[in-house]
Amino acid sequence: MKFPESWLRALVNPPLSTDELCHLLTMAGLEVEETQCVDGDVLITLKLTPNRADCLSLSGIAREVAALTGAPLALPAIDAVPAAHGETRAVALDAPGACPRYCGRIVRGVNARAATPDWMRRRIEGCGVRPISALVDITNYVMLELGQPLHAFDDAELAGAIRVRYPKDGEQLLLLNEQTVTPATDTALIADDGKPLALAGIMGGQDSGVGDATADLFLESAFFAPAAIAGRARALGFSSDASHRFERGVDFELQRRAIERATRLIIDICGGRPGPVVEAASPDHLPARKPVRLRPARAAKVLGIDLSPEQIGGLLQGLGTGCERNGEDFIITPPSHRFDMEIEEDLIEEIARLHGYDNIPAPPPKARLAMLPLPEDRRGPMQVRRLLAERGYFEVVTMSFVEAAWESDFAGNDAPVRLANPIASQAGVMRSTLIGGLVGVLAANRKRQLDRVRVFEVGRVFTRDAGGQPVAGFRQPLRVGALWAGPALPEQWGTPTRNADFFDAKGDLEVLLGVSQRLTFAKVAHPALHPGRAARVMLDGREIGVVGELHPRWVQQYELGSTPAVFEIDLEALLAAAMPAYREASRFPAVIRDLALMVPQHQAFQPVLDALRAAAPALVRDIGLFDVYQGKGLPEGQKSLAFRIVMQDTERTLADAEVDAAVTRLIDAAVGHCGATLRG
């Protein structure tokens, strides 16, 4: 809303400078967007929120300033203009839900060529409205002054009664902007007995508008329901001052006063003889202003300040509300020009606004704090992040809304959780894996010529429970995902360059979980991972995630260059994993034995290691695989797995006999459980 300061001060003139006035309006929620000096007057532009339609007029802004400052309000006096003839046009409300009140009157013998007075021209130009003719300028002036849009029809172009109705099939209308439209079935029209005249509350028609030859006019002042106007103009590709006001809410008790004000100005400037005002109304469809109970104790709790009942009553009465006391409470009836006062919190907001946000102290919060126990044997999410950062990974945060193709490619999920109202077409489903987002980050970095990328994310995924219930059957577990692409080490002269692979990701995962005998890996078929270089991660026999290299198909499709290695595990399982525990260092020497076991080529490594660990006596400190061989010197269809056995005691030196007995026990376990043979 743009207006000249001089016009505002003609209605209310507080003892404030321009800067003080602008600051006051901004602090009251009517943000001053711009001020500029033109021809000795200051033009002020307010940036209004949609709920403050009452301030789309000079009278509304003046009411606000008066309520904020206590300055006297001098709105124009509006008296009924007596009828000079008895001619009328009947008004029929065929769409009362869209137009519950319609006022109209005929004015005969106007001089349409009369000049607009300079004072009126300057004021409407200061509000950003282009002067057209005296009759049109008067309707615009009243709209800017009171907030009620008006329209003038050439009475000679009308036939019969005025009707507010919905359009007929295929009905068209040529508007004042020279655009021919076919109104939608839910767009109300102003029509006579023969043809449509205007889009109700939006814009008049070209054929019935006033011009220089107009001698008699029909003046319209109506209330249109916001829901009946909202979005209709935008759907047709334009907007108007009238639709901007009606779709936000116009005072539904203002129509008769506005038509009387416009009639007086028309007679004073253009002459003419007015007829009686015809009003058609549907009380059942007019808005109702229901009383709202305001509890001072509730206001004090929300605002944090104590205001006396006299202060509260004075602030709210300054807005034009009806204010009554009911015991300790107030019963507030919102005025007809305020559509944003419906509940108690709306009134509390008004109290804060009028009292002044600057006058509400902001004391520091006070609360009792209690130290919560933090078990030393349990990690926290931040420790997980630090561990990964220390391994050279950078944390990323990706969207939980992803493309459906990502879910199909990286999770094999053809029925993801879909969003009812996605923010974008490429973000229409909820992710059930973090791998897609990490691959997206890698693809973006590849396009910027970054070869070595190490990223991780801690975030939620969204899956359906086994029951598949559409509402209650959802899970949102937290997971940790990491991706390593490009060279394993930064380029240097001392080490040959090689790309990160499955074992690099597996090694980082073991560091993250802690190398434990309870952590095992097993071959897995995963839609995102290479069929021969992927494993499920098992902790105490329970699957907690996957690790592997990305499938070559996705490397090619997403133009990733080299193959990245990834892992994804459940955060809760990671946090619950046992922390490394102290073990006494032995002063006695360790005994190391190597076992080379021949097994069938299809035999997986993990079952052999599990069998050895299960059979190991207490003196065995560690068992690890250090070599795999297959080829010359081995029977066909066999491979050799070489294990290093470390044995040690903390209290004595081990004897050869007990070392040999332990080795024999391990060999027997491998032979008995896995069909292994000792390689000669």
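How many strands form the open sheet, and in what order? Five do, in the order E4-E7-E10-E11-E12, with mixed pairing. The structure is a predicted model.

**Sheet**

Strands E4 (91-93) and E12 (203-204) stand at the edges. Each has a single partner strand, so one side of each is left without a neighbour in the sheet. Strand E7 (residues 162-165) runs antiparallel to strand E10 (residues 189-191), and three bridges join the two. Arg-165 stands opposite Leu-189 in E10.

**Helix pair**

Two packed helices are described by the angle between their axes and the distance between the axes. The axes of H5 (residues 134-146) and H9 (residues 255-270) come within 10 Å. They cross at roughly 140 degrees, and the crossing is right-handed. On the H5 side, the contact includes Ala-134, Leu-135, Ile-138 and Tyr-141. H9 contributes residues including Ala-258, Arg-261, Leu-265 and Cys-270. By class, the contact of H5 with H9 has twelve nonpolar, no polar and two charged residues.

**Nonpolar cores**

| Core | Size | Residues named |
|---|---|---|
| Largest nonpolar core | 54 residues | Phe-3, Leu-8 and Cys-270, those with the most contacts inside it |

Which helix gives the largest share of the 54-residue core? H5 does, with eight residues. Cys-270 links the topics: this residue is among those with the most contacts inside the largest core, and H5 meets Cys-270 in H9. Leu-8 touches Phe-3, Leu-21, Leu-58, Ile-61, Ala-62 and Val-65, not counting residues up to four places away in sequence.

Note on methods: Residues are numbered from 1 along each chain as its sequence is written. This is a predicted model: local features need pLDDT of at least 70, side-chain atom pairs count only at pLDDT 80 or more; totals for chains, interfaces and linings use all residues. Side-chain values use heavy atoms; hydrogens and water are left out. Axes are lines fitted to C-alpha atoms, for helices over the stretch in contact, and angles run from 0 to 180 degrees between N-to-C directions. Helices (H or I, at least four residues) and strands (E, at least two) are DSSP runs, numbered from the N terminus. A crossing is left-handed if the near helix is turned anticlockwise from the far one by less than a right angle, and right-handed if clockwise. Contact means heavy atoms within 4.5 Å. Ala, Val, Leu, Ile, Met, Phe, Trp, Tyr, Cys and Pro count as nonpolar, Asp, Glu, Lys and Arg as charged, and the others, Gly among them, as polar. Two strands pair if DSSP finds at least two bridges between them. A nonpolar core is a set of buried Ala, Val, Leu, Ile, Met, Phe, Trp, Tyr and Cys residues joined through side-chain atoms within 4.5 Å. Buried means under 20% relative accessible area, exposed over 50%, partly exposed in between (1.4 Å probe, protein chains only).
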